[in-house]
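Let us walk through this model together, starting with a single chain and ending where two chains meet.

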2 protein chains.
Amino acid sequence: MMSELKINLSDNRKDKPASDKLGFGKYFTDHMFIMDYTDENGWHDARIVPYGPIALDPSAMVLHYGQEVFEGMKAYRTPQEEIVMFRPDMNLQRLNNSCERMSMPQVDTQFVLEAIAKLVEIDQEWIPDGEENALYIRPFMIATEPALGVRASKEYKFMVILSPVGAYYPEGIHPVSIYVEQQFVRAVRGGTGEVKTSGNYASGIKAQEVAKTKGFSQVLWLDGKEHKYIEEVGSMNVFFKVNGEIITPALTGSILPGVTRDSVITLLQDWGYPVIERVISVEELFEASAQGLLEEAFGTGTAAVISPIGSLSLGDLNIEISGGKTGELSQRLYDTITALQRGQLEDSHNWAFKVK
Amino acid sequence: MMSELKINLSDNRKDKPASDKLGFGKYFTDHMFIMDYTDENGWHDARIVPYGPIALDPSAMVLHYGQEVFEGMKAYRTPQEEIVMFRPDMNLQRLNNSCERMSMPQVDTQFVLEAIAKLVEIDQEWIPDGEENALYIRPFMIATEPALGVRASKEYKFMVILSPVGAYYPEGIHPVSIYVEQQFVRAVRGGTGEVKTSGNYASGIKAQEVAKTKGFSQVLWLDGKEHKYIEEVGSMNVFFKVNGEIITPALTGSILPGVTRDSVITLLQDWGYPVIERVISVEELFEASAQGLLEEAFGTGTAAVISPIGSLSLGDLNIEISGGKTGELSQRLYDTITALQRGQLEDSHNWAFKVK
């Protein structure tokens, strides 16, 4: 394995954006991490270099056959001036799971974690102030062999870039209106829905655009087989509180196993809520609403953390959830997770990883 | 719209590979076509420039969320020293259909066809000699906006690169062994299977690798819903001759509408064969074989043209087709289409487009 990490610092530091005007994924820091892979030499030439364009042959396989995987994490500054990341081990394990599915080479997660920590430390001045803000970390791997032909590439680049971000939704935590997507499908069992690869996201953009033109924030995805069972909301996992019980779709093969999903389940269990992972039909959900039993609904993901669902539409049928407001449990989860991420609460599950 | 095509010729022409050692998609010519798109300015800066690496920001959206579409065509030199392409209008119309599904900007197909013709003319010395050889044309479009966030990009590049290619299968037309994929799924209705986008190909690589380790050339894909109905073979459309009748899966929303598929249907109809487009279960196919009625099976696609299927396995069950040899009709279709492509037969359907 690789042991050496070369570091080439930038002579030309960029101006940092104002912390109240960050948006999401618009600005990038002064440095990035890269390493290269070939079938002959494995991973090699690990380096931190000034952030800038990469040169790709126009025939680079990622630009044609889509072999790509990525992850998303965040780093924060604690009140004690420590820099922490939230559960990066889970993200890097999932990265390797994604690589396995996409026939791509796995990485040494320990080495990569150390490289990311070093990168974050070098660019630590980019960690933005402000309650809703964080330094978003984007590891990704692309197939770079310059050849046309549908097969696994023999060459790859693995990179990590950093972006100071504000709240994913500029309004902060607030209930969104969602509609149940009945035409387009995000993923089906046997496909790639349970790993983090670019094709899953490309396929969802059209539905999202249609939702926007109809006045909704996002879509609720149903299963690809029967168009009946709930899978995800936008690019988030989804939870429902029904008659005091928390239910979330079971990981049946087409749903991404979210890190925030796992954290939410753990916290809810800590708090004594029954959490059930099972298949949930959209019909069942609307019936629960009709009976007054649907108490809360929310999406979970790294970018938005918790995204409360204020209303849900299925064709002409529209239901309001939590009176269109952020539910009590959604708010408590958001407050708890963001406080844990920022080191403002006791870390009883050892979720924080200290960068320095 | 754009009217001007700038041309910047290379001062440094590469050596051409020997025409018997081409392989598929390994060598690229001296020039390439590029044009850029922004939401503000539409398509602009169309140019033919020396072939070489492109610079992409590491956050370019194609490297994260996979907005990409592509096409594949071939150019040939006829006995009359003309250069022709085969049905490029169909490919460019499909490109725009793909763009529509992937929320990407469409192109002016007439302008692009002229640009491709110009590019092929400039690099015409790269059209290889040899019966099985051709100049492969790869148009593709990628999302280039440097931003993280799942939505349609506001910036794109459309490019065309050229590669002198030999037969897709180094052995030329010969029967391949295929197995019926029962775990992995290529596409499902509501997804992106009927357009040509990178994610469809990335998702299939794993199954292809497993097939190879089991000693098969490729997989036969079943539908994502019931795992019962035949969709495609590898990255080709598929046809069966059963009791004198030709059947091919109907385009029900998860199957690519192949140009070669369309040409095959047209030729078979010319020749008086009944061609039926309908759903075909794998069970029906194995029953037809048991009754001695499965006479031929073959895949169709731009790369391989016709790829006869010599045997088909479903779990432990294995059937031989056409005695494991290239069937009569498969051979006739291959001979006819390749002769039409090379201008060696009368072009009664106006399929040839003359580059010069």
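This is a predicted model: local features need pLDDT of at least 70, side-chain atom pairs count only at pLDDT 80 or more; totals for chains, interfaces and linings use all residues.

Residues are numbered from 1 along each chain as its sequence is written, chains are lettered from A and ligands numbered from 1 in the order in which they are written, and side-chain values use heavy atoms, with hydrogens and water left out.

Let us begin with chain A, whose secondary structure comes to 8 helices and 19 strands; helices (H or I, at least four residues) and strands (E, at least two) are DSSP runs, numbered from the N terminus. Its C-alpha atoms fill a box of roughly 60 × 50 × 35 Å along the principal axes. The radius of gyration, taken over C-alpha atoms, is 21 Å, which agrees with the value near 21 Å for a compact globule of 356 residues (the globule rule is 2.2 Å times the number of residues to the power 0.38).

For a local detail, look at strands E17 (residues 305-314) and E18 (residues 317-320) of chain A, which run antiparallel and are joined by 4 bridges; two strands pair if DSSP finds at least two bridges between them. A:Ser313 stands opposite A:Asn318. This hairpin has 2 residues between its strands, and A:Gly315 takes a positive phi near 60°.

In one of them, A:Arg47 and A:Asp36 have their closest N and O atoms 2.9 Å apart. A:Arg47 lies in strand E3 and A:Asp36 in strand E2 of chain A, so the pair ties together parts 11 residues apart in sequence.

Now turn to the interface. Here 60 residues of chain A are in contact with 60 residues of chain B, contact meaning heavy atoms within 4.5 Å. The area buried between the chains is about 4800 Å², with carbon and sulfur atoms giving 60%; buried area is the accessible area (1.4 Å probe) that two parts lose on being put together, summed over both. Strand E4 of chain A pairs with strand E4 (residues 54-56) of chain B in the antiparallel sense over 3 bridges, and A:Ala55 stands opposite B:Ala55. The interface also has 2 salt bridges, including A:Lys206 with B:Glu100 at 2.8 Å, N to O.

Notes
A salt bridge is a side-chain nitrogen of Lys or Arg within 4 Å of a carboxyl oxygen of Asp or Glu.
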